[in-house]
Amino acid sequence: MAIDIKMPALSPTMEEGTLAKWLVKEGDQVKSGDIMAEIETDKATMEFEAVDEGTVAKILVAEGTDGVKVGEVIMQLTAEGEDAGSVDAPAQTKDDTAKPDAKADAKKDDGVEDSAHPAQEKVETGARQMFDAAKNDAQVRDPEVPEGTEMVKQTVREALRDAMAEEMRADDRVFVMGEEVAQYQGAYKVTQGLLDEFGDKRVIDTPITEYGFAGVGTGAAMGGLRPIVEFMTFNFAMQAIDHIVNSAAKTNYMSGGQMRCPMVFRGPNGAASRVGAQHSQNYAPWYASVPGLIVIAPYDAADAKGLMKAAIRSEDPVVFLENELLYGRSFEVPKLDDWVLPIGKARTMREGKDVTIVSYSIGVGLALEAAETLAGEGIDAEVIDLRTLRPLDKAAVLTSLAKTNRLVIVEEGWPTCSIASEIAALVMEEGFDDLDAPVLRVCNEDVPLPYAANLEKLALVSADKVVSAVKKVCYRA
Amino acid sequence: MAKAPASSSKAPSAPPPASNRERPDEPRPYEASKEELLQFYHDMLLIRRFEEKAGQLYGLGLIGGFCHLYIGQEAVAVGLQSALTDKDSVITGYRDHGHMLLCGIPPKDVMAELTGRQAGISKGKGGSMHMFSVEHKFYGGHGIVGAQVSLGTGLGFAHKYRGDGGVALAYFGDGAANQGQVYESFNMAELWKLPVIFVIENNQYAMGTSVNRASSEDQLYRRGESFRIPGIQVDGMDVLAARGAAETALEWVRAGKGPIILEMKTYRYRGHSMSDPAKYRSREEVQAVRDKSDPIEHVKKLLEEQGVAEADLKKTEQDIRKIVAEAADFSESTPEPDPKELYTDVLVETY
């Protein structure tokens with residue numbers, strides 16, 4: 001009986017990839033541990049190892065093929081003693097005997113080295129729900145885009161990279177430092193290609209010493225440069241938070257406006273997929289509480305690009321919170337020579353009259369999806385993406401509230417002392433007379449994020465939770 | 001005043017560990033001209049009188065919060081900073097008044113900051129521990145123990161990145177020498193051959209904890225060994241030894257050989273801060289250092305040996321007292337910040 005070898009998933013959110021290269025050919029003997037192919041995703045190139053012994057009977061997907069779906073049969077093996085010629089066409093049914101094992105380059109706990117699981121068994125996790133919802137595009141055009149501008153599809157990852165590259169070309173004081181940003185091309189490939197273009201003077205691999213290199217970056221900014229400090233994730237930036245808060249944020253004030261810290265601290269923030277409590281925290285409320293910092297957390301690729309360019313140009317220190325689940329998501333980006341967005345301005349993603357849903361980062365996808373569902377039930381929801389969390393665009397929230405008189409805040413993060421709490425307080429202080437119902441927060445559960453798929457799903461925000469909160473504030477059962 | 005002659009012994013460096021790596025030469029005491037010696041005397045005395053006045057103003061309630069005086073340690077900053085050029089940058093912790101004066105910042109700007117006035121170098125918003133002057137390449141004035149070491153490494157990074165030939169002088173104390181980020185910085189500074197001189201001002205006490213109660217390796221100049229950063233131990237009570245060490249360190253760093261550590265053995269006469277009851281050491285211990293090793297008395301004696309008239313030294317003393325008195329008067333009479341300043345300088349730009 002032939003063994004079907006299927007396209008492996010190299011990360012929990014991978015849906016398809018490129019079969020870059022076959023390292024075996026039909027008729028070859030393989031044994032466990034032999035590298036059979038190289039598979040590329042937008043994140044990384046990985047080697048695909050055999051776990052079964054046998055002879056390569058048929059190669060079903062030619063090398064160089066893009067868009068190979070996870071779970072698609074890519075080759076067949078015959079076991080010892082079988083005749084390679086007797087192999088049947090690949091079975092359409094699930095074959096549990098085939099468990100190819102993909103091995104990613106070992107690297108610091110970023111969650112991409114998850115072993116393969118066939119697409120049919122796509123686990124319904126909370127992260128998966130957020131990831132799927134992050135396909136939702138804005139329904140209304142960004143007012144910042146000039147009429148007639150051509151739009152191109154780009155991933156958030158590419159948009160961030162392009163933003164950095166463009167600013168580095170324009171200003172030689174700008175450089176990038178962080179763990180694996182140069183030779184490895186970025187733990188999440190956000191800095192891909194920068195080393196080749198700008199060299200190792202401006203794209204700098206650091207040791208794993210977040211406190212130290214955050215301080216070195218901040219000192220370099222004090223000394224007149226414009227550093228971009230990448231944290232592999234913001235979970236690790238807790239080691240460096242002293243420099244972000246005490247050294248970068250407070251210096252301009254403490255020096256009476258003489259000494260500036262123009263720099264960007266950036267990296268993924270919030271829950272990824274199944275990486276557990278220590279790698280899944282949203283730090284937006286922490287940084288947004290600090291006077292002296294700018295805090296940006298974009299949702300789509302156009303905002304990621306336009307706001308990253310603005311962040312690099314800003315004279316103030318910026319905490320730029322990205323999201324790992326969004327990196328691979330594609331959105332329309334305006335094709336303009338210099339696409340820079342204003343910091344501190346929210347964006348209306350969808351217009352509506354019955355209720356306002358305010359969110360940021362990955363929560364925006366959920367809000368848009370919920371709005372779609374609600375539209376089918378006769379509730380017309382307006383969706384606001386805050387984009388910048390400090391300074392907060394209070395006017396955008398209050399203006400929308402004045403129109404809809406109902407407010408739900410969606411945040412992928414803990415509820416206590418959250419951005420959602422802050423907006424609820426803002427509305428009590430400045431929008432009370434516009435409220436027809438209490439403000440509701442839709443946040444993660446107030447627990448460390450669990451690993452188990454079912455528990456993780458229960459802990460994270462979802463579009464369903466948004467839908468029920470909206471119905472509640474609209475007094476619709 | 002102390003009568004005993006100051007020790008002029010050579011720097012008490014232990015022999016470097018056997019190694020085939022290149023090491024800096026043993027520094028020699030600086031051979032100062034009479035003019036230079038007069039300048040050292042002037043600068044050390046200015047710091048001493050300034051700090052004494054700050055202590056008085058603190059006692060009168062004109063200076064609030066924390067106030068860390070540099071009295072006793074003057075030879076360190078004077079010796080080292082006299083060797084710098086205007087390309088170089090300086091950063092230190094919260095015991096920063098003396099270093100600032102040596103960067104050329106007017107005493108009245110510093111004193112007015114201590115009293116929290118609009119005319120202070122930070123418009124009264126920083127206070128004793130948080131003062132900066134980009135114009136004078138003085139980058140603080142940092143209140144978090146050890147933070148200035150990473151930041152100073154970043155200043156060195158910026159010098160190298162720009163290729164401006166400058167060196168960053170990053171001061172920290174024996175207490176900060178145990179902070180983790182110091183070693184993270186050592187690692188990067190040597191890895192990237194950054195032009196940084198790490199100056200450990202070992203005044204023997206981190207607040208009330210003596211070095212050997214807190215440091216498993218109490219010979220702090222050796223703390224860079226596992227990062228391949230050479231270290232030199234220097235008599236920080238002798239301005240000529242300090243200047244000599246600065247020459248050696250600058251030559252090493254400017255030649256592109258990477259960072260270097262100078263452990264300056266010194267002593268603070270006053271408490272850690274103004275509120276320190278100083279129960280951790282005896283009055284006799286302090287008095288003995290004052291009598292035997294005072295850095296200012298040492299230079300005064302050298303000047304007398306070179307035939308400088310007593311009257312000339314008196315004149316210097318009078319000039320300094322006048323500058324300090326004017327700074328103090330200014331700092332008491334100049335107005336507090338306008339209430340509107342509460343909201344300025346939080347961010348540079350308007351969003």
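**Talking it through**

Trainee: Which residues is A:Ile357 in contact with, leaving aside its neighbours within four places in sequence?
Mentor: They are A:Ala367, A:Ala370, A:Ala371, A:Ala381, A:Val383, A:Val408, A:Val410, A:Val466 and A:Val470. Contact here is C-beta atoms, placed from the backbone, within 7 Å. Keep in mind that this is a predicted model, where local features need pLDDT of at least 70, side-chain atom pairs count only at pLDDT 80 or more, and totals for chains, interfaces and linings use all residues. Residues are numbered from 1 along each chain as its sequence is written, and chains are lettered from A and ligands numbered from 1 in the order in which they are written.

Trainee: Which residues touch the most other members of the largest nonpolar core?
Mentor: A:Ile357 is one of them, along with A:Val295, A:Val408, A:Val466 and A:Val470, in a core of 222 residues. A nonpolar core is a set of buried Ala, Val, Leu, Ile, Met, Phe, Trp, Tyr and Cys residues joined through C-beta atoms within 7 Å. Buried means 20 or more other C-beta atoms within 10 Å of the residue's own, again placed from the backbone.

Trainee: And which helix gives the most to this core?
Mentor: Helix H8 of chain B, residues 239–254, with 10 residues. Helices are DSSP runs (H or I, at least four residues) and strands are too (E, at least two), numbered from the N terminus.

Trainee: New topic: what order do the strands have in the open sheet of seven?
Mentor: In chain A the order is E12-E11-E13-E14-E16-E15-E21, with mixed pairing. Strands pair if DSSP finds at least two bridges between them. E12 (203–205) and E21 (388–390) of chain A are the edge strands, each pairing on one side only.

Trainee: How many bridges join E11 to E12 in chain A?
Mentor: Three, and the two strands run parallel. A:Val176 has A:Val203 in E12(A) as its bridge partner.

Trainee: Which strands does H4(A) lie across?
Mentor: E11 and E13 (226–230) of chain A, and H4(A) runs at about 165 degrees to E13(A). Axes are lines fitted to C-alpha atoms, for helices over the stretch in contact, with angles from 0 to 180 degrees between N-to-C directions.

Trainee: Back to the two chains: how many residues does the contact take from each?
Mentor: 37 residues from chain A and 34 residues from chain B. H4(A) gives the most to chain A's side, with 10 residues.

Terms used: Buried ≥ 20, exposed ≤ 12 C-beta atoms within 10 Å, placed from the backbone.
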